[in-house]
Amino acid sequence: MQVSSLNEVKIYSLSAGRSLPEWLSDRKKRALQKKDVDIRRRIELIQDFEMPTVSTKIKVSRDGQYIMAVGTYKPRVRCFDTYQLSQKFERCLDSEVVTFEILSDDYSKIVFLQCGRFVEFHSQHGHYYRTRIPKFGRDFSYHYPSCDLYFVGASSEVYRLNLEQGRFLNSLQTEASESSVCDINPVHFLFAMGTAEGKVECWDPRTRNRVGLLDCALSSVTADTEIEGLPSISALKFDGALNMAVGTSTGQVLLYDLRSSNPLIVKDHHYGLPIKSIQFHHQLDLIISADSRIIKMWNKDTGKIFTSMEPEHDINDVCLYPNSGMLMTANEAPKMNIYYIPVLGPAPKWCSFLDNLTEELEENPESTVYDDYKFVTRKDLENLGLAHLIGSSLLRAYMHGFFMDIRLYHKAKMMANPFAYEEYRREKIRQKIEETRAQRVQLKKLPKVNKELALKLIEEEGEDQRISKKRKQKNLPSLLKDDRFKVMFENPDFQVDEQSEEFRLLNPLVSKISEKRKRKLKILEELEAQGQEEEEEPEGKASDAESSESSDDEKGWVEEVRKQRKLLRQEEKLKRQERLKEDQQTLLKPQFFEIKEGEEFRSFKDSAKKQKLMKKTLEDRLKLEEKLGTLNVSDTTVGSKQATFKLKKSEQQRRQQEAEKRHRQERKSLRRSASHLKSRRGRGRLFH
């Protein structure tokens, strides 16, 4: 698979590479694939997608499942099934096919116009019927509402064959001596035909009268074009209800609006070859026009070139697969070309793997053919002393210059400039010096707000750059240059408060680090005052001293935290003392409390007890509840704990319960005393 790019549009040629002969056995084909790398790497999208010698026309069925192509030799038609990625059938014909049309959605109804004035109809099983027209035909179109076939050719008449009645109807009489192409508008079914005199005649099939005439030969001649003879019409295509594109035999494409006799735009191929095919791409508003040498894609509004392709062999026909980026061509060669252009659209459903394949190729780009060649202009050749090679096989003309072998270019450059290595060496030394200078901390203007934070970020960026260079990683973006954090160094409301409790606890070593930065800030301010902005900062200590300082900082981390905590406690004590003094100085005012109805005022001790209870932990409160008897905790058989709570009673309920309890005890004591007296009396009677 070859990849080419023009105007940053990638074009993948899926039929590139050598093809194996049909008569080779499968065993020999496998052996060749093992030996030859090119054969092994080729992509055979559709098996045997080729003709014996030449392919002349290629079309796709309306359902998109079948691709049909005609060619020679011998004259034949081949149908390829895209769902099976292989050939479905092949039929040989008696004479060469000029053009053909697929009438049904699949391959079941096909009409062939042959060079021997024959019109042949094929059905699903094969040949169905054959008839003959009076003159040699060049092209035909099918009118769906009336089931009429319109044939144009080497005659002034347009022959009509009705497929419903099975007979010829009255022909249309035109002013042209010969007609080469024709087409029917898919919206309002206007019939248009291109003549050998360079005119386009438009006919209404309902009334069989001519409704318009366009002189395209006169409109195609502009100030830039050079023509030798009268241009005739070689291609014709409708786009929607109002637009029509016309191709001439001298290589011009004219885009018309049917409401005007003047073309909207005229595009010249600059090859002087007849236009073979015209296609429209509606998603990108492109026109795809092709002559026998090149396929051009250009914008239909501006005429600007989108991209182009130059196949190795001459082009006979171009077919754009509907709703995709796939393009197929019939060539003057056995193999039919298949191109995939991802910009035009996705790959068809039956070869959706092409999208993944092209994405992988874009992620891992390989060297193209042009990597082995150097593009040079005529002036470059004169400087190298190779102007005498112009016209030889060592230079290939391309656009405004030439392509030459990269090895020859390097040798010629060495001979023309022998001191190039010295210049290269000096440049490398200069780059190394610049790299070492960039590693030092250079003087930079610090912001007005959060100067210490800005200096800290600059130091960290320098360290990160050194690490990324060693590890060959990309540098992270700077916070100082980021617009999202710009306000932090401009608005004084964002100034960091170093005296706050959070800052001092979270940064235990901030005092030592801030002292170092303050020294650097003083040096930077002095240099700014003196106007020495380009001078570098004085070098610091050696790496051994820095490592020893860092180890001392790590050891003194705990002591620093302790000191900070002691200072915070002392500050809190001082604040409390100041508050007490302020409270003593202020006059105490009496406070009055209102007692609710039905309650008695006892003391403030109950509220004090409640406050103490609330301050205790849950464990302590549970233990107290167990002592009072309001909580009972017991083990269950399963192994879990079971807790039962008793609601606390009010004072009145407690007093009532105590009174009832006393009353019960008194009654019990009275009953006991009464029973004791009765027993004593009974005993006395027995003794008497």
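This is a guided tour of the structure above, stop by stop, with something to select at each one.

**Before you start**

The model is predicted: local features need pLDDT of at least 70, side-chain atom pairs count only at pLDDT 80 or more, and totals for chains, interfaces and linings use all residues. Residues are numbered from 1 along each chain as its sequence is written, and side-chain values use heavy atoms, with hydrogens and water left out.

**Stop 1: the whole chain**

Select everything and colour by pLDDT, the predictor's confidence in each residue, from 0 to 100. The chain has a mean pLDDT of 80, and 75% of its residues reach 70 or more. Now pick residues 532-548, where the pLDDT is below 50. Beyond near neighbours in sequence, this stretch has 13 contacts in the model, a contact being heavy atoms within 4.5 Å. Where pLDDT is low, the predicted coordinates should not be read in detail.

Switch to a cartoon view and you have 15 helices and 34 strands. These are DSSP runs numbered from the N terminus, helices being H or I with at least four residues and strands E with at least two. Of the 688 residues, 35% count as buried; buried means under 20% relative accessible area, exposed over 50%, and partly exposed in between, using a 1.4 Å probe and protein chains only. Among contacts between residues at least 6 apart in sequence, 45% join residues at least 24 apart.

**Stop 2: two cis peptide bonds**

A cis peptide bond joins threonine 72 and tyrosine 73, with omega about -10°. The bond from tyrosine 73 to lysine 74 is cis as well, with omega near 10°. Tyrosine 73 lies in the loop between β4 (66-72) and β5 (76-81), and lysine 74 is in the loop between β4 and β5 too. Most residues other than glycine have a negative phi, and most peptide bonds are trans.

**Stop 3: leucine 85**

Move along to leucine 85, in the loop between β5 and β6 (86-92). Is leucine 85 buried or partly exposed? Leucine 85 is partly exposed, with a relative accessible area of 26%.

**Stop 4**

Strands β13 (residues 157-162) and β14 (residues 167-173) run antiparallel and are joined by five bridges; two strands pair if DSSP finds at least two bridges between them. Glutamate 157 stands opposite glutamine 173 in β14. Four residues separate the two strands of this hairpin, and in the turn glycine 166 has a positive phi of about 75°.

**Stop 4**

Continue to arginine 208, in the loop between β17 and β18. Arginine 208 is not a glycine, yet its phi is positive at about 60°, and the residue is partly exposed at 43% relative accessible area.

**Stop 5: cysteines**

Cysteine 147 is partly exposed at 22% relative accessible area, while cysteine 182 counts as buried at 5%. How many disulfides are there? The count is zero, taking a disulfide as a pair of cysteine sulfur atoms within 2.5 Å.

**Stop 6: strand β32 and its partners**

Finish at β32 (residues 401-405). Four of its five residues are buried, so the strand is largely enclosed by the rest of the structure. β32 pairs with β30 (residues 373-376) in the antiparallel sense over four bridges, and lysine 374 has methionine 404 in β32 as its bridge partner. Strand β31 (residues 396-398) also runs antiparallel to β32, joined by three bridges, with arginine 396 opposite phenylalanine 403. β31 and β32 form a hairpin with two residues between them, and methionine 399 in the turn has a positive phi of about 55°.
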